[in-house]
Amino acid sequence: MKLTKIANGCAGFAAFAAACALGAAALANPYEKYAGTTIVVSWPALAHFQAAETLVEEFTEETGIEVEIDALQYLKLRDRQILEMSKPTGDYDVVSWVVMWKGEYVAKGLLTPLSQYFTSGSLVDPEYDIDDIADAYLQNGGIVGGKKGYMPGKSGALYGIPFGAETSILAYRKDILEEQGIEPPTTYDELRVVMKQLGDAGIPAMTSRGRTGHQVTAGWLLHLAPLGGKIFDDQWNPTINSPEAVEAAQVLREIAQTGPTGIPTFGFGEASAAFLQGDAALYLDTLKIAAMSRNPKLSKIDGLVGYGLHPVGTRCGSETGGFAVGIPANSQNREAAFLFIQYITSKAGDQRMVELGGDPVRISTLMNNADNFDEYPVVAEQLPCADPDWRPLIPEWNELNVDVLGQALTEVITTDDPIQTIMDAANEKAREIMEREGYYTWASYRGN
Amino acid sequence: MTDRASSDTDDLGRPGFNIRSLNPYLFIFPAVLVMVCGLVYPVVDAFYLSFYDWKIGMPFETAPFVGLSHFKRMIFDADVWESIWVTIRFGFWTILIEMVLGISLALLLEKPIRGASVFRTIFILPLMVSPVVVGLIWRYLFDARIGWINYYLGMVGIEPQVWLGDAELAFFAIVFTDIWQWTPFIFIIIIAGLQALPSEVLEASKIDGANWWQHILLVKLPMLKSIIVIALLMRLIDVFRALEVMYILTGGGPGRATELLSLHIYNRAFDTQQLGYASAISVLLILLVFGLSFAILVFSDPLKEKSDI
């Protein structure tokens, strides 16, 4: 009887120990609670994100969280995302935005601050190391607030993590420059000389975006920051008619004059295609051109491309752009969404993206893979002077970008009219918009 | 009269309600419902929205009421007037050329000549292609770098042109594309009209000794007037509605060289998120289309002519 009691006691203890072990095992898997959940991700139908689909499958396999992807053409994303995120309950759990939309999304209350998840012990992977993500990318794509409203600062908050982010580097045709006895340009003065030399030799020099609206503005902005220009001064007065801004427009005009035929109709795709198909000797835009040039479906110039830093003007300053991912305020699966974002932007996820043909956002990934890709050492060297403030990511930017600059710069590249006059008119128009949106209310109230 | 009177009275011959008197209203009810839901409601809603400064994504309740300020801004907005001017120029050239070409081809191919049916089938193909595809086809044909047009021009020694990147050439490109797409529409309508003309009148004119030109100018075209006016009216309305092809082909550029009013409204509404202001311009567009249609109908009165025939 006594033995039976002891045996029963032992069995009970064993059962209790087993239950504890199972409990401990459940706690050891941070994903288990969310297994079976389905999250919906909205992102662009671009190469980086197509490459990420394999990573997404691996995420589902590892975590049990199902992922549905809604991939759209990138300029169509915004309308769709805003419509979804404006509903009381939206369909999207993760959205990927072009960095210039972040201010608008936050101003409209459409995004969830990520701090509440980064302070959760059960959700945050201690090895995540957010400091390893390139500063310029994180500031540009993920932080809203600060003095300007779209930069770090005491009132800044984190809303997104860069994924598919980019900076600008120079890509050049090694064979053409070698044949012409030209060194790759490192400054804007050199760049302008090289463009003229190539143009005189009958070789289309540099390709660029130039289509009316967002595209031509993007082409011009690439040169504005390194030439020392800004869109606004500290009081939100537009400065797009400053000497630096006019010089950037002059550079764009020279590019259109010496580059491949049709620059005023080029969007990102056409501008890249001109370089990849061998119709231009120089390309100064996103680093994504490197992966594209290695893709035989897109490129005829694999192996002929060299990379250099974005040429320096009065300062070094490359663009920061691309995409970031965050969680809509009306998502019903925010914690699972956070785990997904953390997974794809973790060190392992970033490395996996490189293996899948995507672009890394972490410094460690760039350094670890520097021997495998020609452009990685250049990007790593470029990033410290990438300028997260190269364009103002305020809600009004879209109107300024498309309606004001997008029109004025088309005039710059399609006419011979004096650039100063064109930019003066654009500056006035920009001022009217800022006035209409109340940016000078406080100055007016104080009588400034 | 007796039947009608009896149908409106009860069994005792007293006037009263008869369910059959509702028949006409029942028959037109579906059409009225569609009109109210599909036309009246959006127009009224656009008018309502034009008094608010609302951006997509913001709750509408938070949108400030701005009264007539959008309309005031519109009057002084040079971009709006430029778009109207582009639309008028576009409409003038496309409708003029399409009418001349469509009517001429219909008159030429009216008779059962050899191969006419094959030509007619090929000729109306553009009408069957979706506007988005039309835009894409011509965008690539006009492409400065890889387009066939520059390729063939190059074969005869003409320098490549930046068709969609030069203000005048881009305008020519959208006019040309529209003519390619819509001339068959005029052709079909006119040829249908020609085949419905009363043969006795045509034979009488021949017996009276009218030559080919007189036969066309003095007999056929006057009898086709009502159909021509209706075709003109439909194309005019289409010009103000045109959006998809230009959106794909040029996006309104370079600058605003090809930005028709409808495209301008689209860009304001969705590119720059000024839905209230875009609605105010839409109201102007509706008034313009309504005014032009009304004027054409009043001056030509095609339905009256038809009933006269």
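## A cis peptide bond in chain B

B:Pro254 is found in the loop that runs between helix 13 (244-249) and helix 14 of chain B. The model is a predicted one. The peptide bond leading from B:Gly253 to B:Pro254 is cis, and its omega is near 0°. Most residues other than glycine have a negative phi, and most peptide bonds are trans.

## Two residues with positive phi

A:Asp129 is not a glycine, yet its phi is positive, at about 55°. This residue sits in the loop between helix 5 (115-118) and helix 6 of chain A. With a relative accessibility of 32%, A:Asp129 counts as partly exposed.

A:Trp236 also has a positive phi, near 65°, and is a residue other than glycine. Its place is the loop between helix 9 (214-224) and helix 10 (243-258) of chain A. Is A:Trp236 buried or exposed? Its relative accessibility is 16%, and the limit for a buried residue is under 20%, so A:Trp236 counts as buried.

## Chain A as a whole

Chain A contains 19 helices and ten strands. Its C-alpha atoms fill a box of roughly 105 × 60 × 30 Å, taken along the principal axes. Of the 448 residues in chain A, 56% are buried. The chain exposes about 18,400 Å², and 53% of that comes from carbon and sulfur atoms.

The contacts within chain A can also be sorted by distance along the sequence. Among contacts between residues at least 6 apart in sequence, 75% join residues at least 24 apart.

Helix 16 of chain A is mostly covered, with six of its eight residues buried. Which residues of helix 16 of chain A are buried? They are A:Glu375, A:Tyr376, A:Val378, A:Val379, A:Ala380 and A:Gln382. These buried residues pack against several other elements of chain A, including helix 6 (135-142), strand 6 (160-173), helix 12 (288-294) and strand 9 (305-308). Helix 14 (347-356) and helix 15 (363-368) of chain A are also among the elements they pack against.

The loop between helix 16 (375-382) and helix 17 (397-414) of chain A contains A:Asp387. A:Asp387 counts as buried because its relative accessibility is 9%. Its side chain makes a polar contact of 3.0 Å with the side chain of A:Arg315. Leaving aside neighbours within four places in sequence, A:Asp387 is in contact with A:Ala225, A:Lys230, A:Arg315, A:Ser318 and A:Thr320.

## Salt bridges within each chain

Over all chains, the count comes to 38 salt bridges. One of the pairs within chain A is A:Arg352 with A:Glu355, where the N to O distance is 3.1 Å. Both residues are in helix 14 of chain A, three residues apart, so they are separated by about one helical turn. An α-helix has 3.6 residues a turn, so residues three or four places apart point the same way. A:Arg352 is partly exposed, with a relative accessible area of 25%.

In chain B, B:Lys220 forms a salt bridge with B:Glu110, and their closest N and O atoms are 2.7 Å apart. B:Lys220 lies in helix 11 (residues 212-223) of chain B, while B:Glu110 lies in the loop between helix 4 (78-108) and helix 5 (116-123), so the pair ties together parts 110 residues apart in sequence. Both B:Lys220 and B:Glu110 are buried.

## Where the two chains meet

How many residues of chain B are in contact with chain A? There are 23, and they touch 31 residues of chain A. The two chains bury about 2,200 Å² between them, and 47% of this is on carbon and sulfur atoms. The interface has six salt bridges and twelve residue pairs in polar contact, with both residues at pLDDT 80 or more. On the side of chain B that touches chain A, the largest share comes from helix 14 (residues 261-271) of chain B, which supplies three residues. The residues on this side divide into eight nonpolar, seven polar and eight charged.

A:Glu270 forms a salt bridge with B:Arg139, with the closest N and O atoms 2.5 Å apart. A:Glu270 is in helix 11 (residues 268-276) of chain A and B:Arg139 is in helix 7 (residues 131-142) of chain B, so the pair joins two chains. Another salt bridge links B:Asp79 to A:Lys429, and here the closest N and O atoms are 2.8 Å apart.

Methods:
Residues are numbered from 1 along each chain as its sequence is written. Chains are lettered from A and ligands numbered from 1 in the order in which they are written. This is a predicted model: local features need pLDDT of at least 70, side-chain atom pairs count only at pLDDT 80 or more; totals for chains, interfaces and linings use all residues. Side-chain values use heavy atoms; hydrogens and water are left out. Contact means heavy atoms within 4.5 Å. Buried area is the accessible area (1.4 Å probe) that two parts lose on being put together, summed over both. A salt bridge is a side-chain nitrogen of Lys or Arg within 4 Å of a carboxyl oxygen of Asp or Glu. A polar contact is a pair of N or O atoms within 3.5 Å; within protein, one must be able to donate a hydrogen and the other to accept it, and residues adjacent in sequence count only if both atoms are side-chain atoms. Helices (H or I, at least four residues) and strands (E, at least two) are DSSP runs, numbered from the N terminus. Ala, Val, Leu, Ile, Met, Phe, Trp, Tyr, Cys and Pro count as nonpolar, Asp, Glu, Lys and Arg as charged, and the others, Gly among them, as polar. Buried means under 20% relative accessible area, exposed over 50%, partly exposed in between (1.4 Å probe, protein chains only). Accessible areas come from the Shrake-Rupley method with a 1.4 Å probe; for residues, only the protein chains shown count as cover.
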